[in-house]
Amino acid sequence: MPELPDVEGFRRELAGTLPGRRVHHVEVRDPGILRNTTARALERALKGRRFAAPCRHGKWLILPTDGPTLMIHSGMTGHPYYAPDGAKAEGQERLVVSLDRGELRYLDQRKLRGVWLADCDEDVANVMGSLGPDAMDINLAEFRAILAGRRGGLKATLLDQSVIAGLGNLLVDEICWRTRLPPSRPVTALDADEIKQLHTAMRRVLRTAIRHGCVPGLPRWLTGVRDEPDPSCPRCGTRLVRGKVGGRTSVWCPHCQPR
């Protein structure tokens, strides 16, 4: 499932290929990915436009042109990428934007989110909805202020995109495990040191994941073992617990993360 590191990887890839490219043709192969426009309207809006530098906020990929802005939320299986002329398809490509050199392609198996079109910055904000600050941009003072007064559980709070934009299920479980805090811990029960540890872990996990372009299954990471049939904690060897926290499948160590 694409999380912030995946989308940042998409952005960085496109940042080296997309700016300055002019749109020649838009082929919507599956209108089911379009959320607030039609295939004909998308073609009219983008044809002849030049792409500028791509941006990202949370899990949203923002592709501005010298006119409207193309917005992509990859959901669970979406993958936007640049393909040189003549490159073979990598999967179920739902949208192909032909450029003066190469193509912008969007493939998506499950189509849980998709593609939006925004006419201006105000429209971009309206499409994204109420989002908190991007997880990579938050300093410690801002992190403390964000959590102050929150009454929910730790995992549910960190997953709330209106609180912090970009953190997904795998990232939050990894952050909680690294700080030895159970995902169900009430935010009101966190002390100043624990909040600092959470912020440090969030930054370190995100930096490493962004280098890999995904949430990696590295040795000594919770994500490296969580999908095993009978996983054990990479730190202490205790059998991990799997259950629902905040409505999401969660994995934690009952020894390292006692309730």
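This is a predicted model: local features need pLDDT of at least 70, side-chain atom pairs count only at pLDDT 80 or more; totals for chains, interfaces and linings use all residues.
Residues are numbered from 1 along each chain as its sequence is written, and side-chain values use heavy atoms, with hydrogens and water left out. Helices (H or I, at least four residues) and strands (E, at least two) are DSSP runs, numbered from the N terminus.

Eight of the 10 residues of H6 are buried, so the helix is largely enclosed by the rest of the structure. Buried means under 20% relative accessible area, exposed over 50%, and partly exposed in between (1.4 Å probe, protein chains only). The buried residues of H6 are Asn-169, Leu-171, Val-172, Asp-173, Glu-174, Ile-175, Cys-176 and Trp-177.

The largest nonpolar core has 29 residues, of which Phe-143, Ile-164, Leu-167, Leu-190 and Leu-206 touch the most other members. At least two residues of this core come from each of helix H4 (140–147), helix H5 (154–159), helix H6 (169–178) and helix H7 (192–212). H7 gives the largest share, seven residues. A nonpolar core is here a set of buried Ala, Val, Leu, Ile, Met, Phe, Trp, Tyr and Cys residues joined through side-chain atoms within 4.5 Å.

Leaving aside residues up to four places away in sequence, Leu-167 touches Glu-3, Lys-59, Ala-135, Leu-158, Leu-159, Gln-161, Val-172, Ile-175, Met-202 and Leu-206. Contact means heavy atoms within 4.5 Å. There is also a second, separate core of 24 residues, with Leu-14, Leu-34, Ile-72 and Val-115 among them.

## Strands E4 and E8

Strand E8 (residues 114–118) has five of its five residues buried, so E8 is largely enclosed by the rest of the structure. Strand E4 (residues 69–73) pairs with E8 in the antiparallel sense over five bridges; two strands pair if DSSP finds at least two bridges between them. Gly-114 in E8 is the bridge partner of His-73.

## Loop residues

Thr-65 lies in the loop between strand E3 (60–64) and E4 and, at 10% relative accessibility, counts as buried. Its side chain reaches the backbone nitrogen of Gly-67 at 2.9 Å and the backbone oxygen of Pro-68 at 2.6 Å. Not counting residues up to four places away in sequence, Thr-65 touches Leu-46, Arg-49, Arg-50, Phe-51 and Ala-52.

Arg-180, in the loop between H6 and H7, has a positive phi of about 60° although it is not a glycine. At 45% relative accessibility, Arg-180 counts as partly exposed. Arg-220, in the loop between H7 and strand E9 (241–245), likewise is not a glycine but has a positive phi of about 70°. At 54% relative accessibility, Arg-220 counts as exposed.

## Annotated domains

UniProt lists residues 2–113 as "domain: Formamidopyrimidine-DNA glycosylase catalytic" in an unreviewed entry. The end C-alpha atoms of residues 2–113 lie 11 Å apart, and the span is 18% helix and 32% strand.

UniProt also lists residues 224–258 as "domain: FPG-type" (unreviewed entry). The end C-alpha atoms of residues 224–258 lie 21 Å apart, and the span is 0% helix and 29% strand. UniProt positions are given in the numbering used here, feature names are shortened, and annotations may be inferred rather than shown by experiment.

Notes. A polar contact is a pair of N or O atoms within 3.5 Å; within protein, one must be able to donate a hydrogen and the other to accept it, and residues adjacent in sequence count only if both atoms are side-chain atoms.
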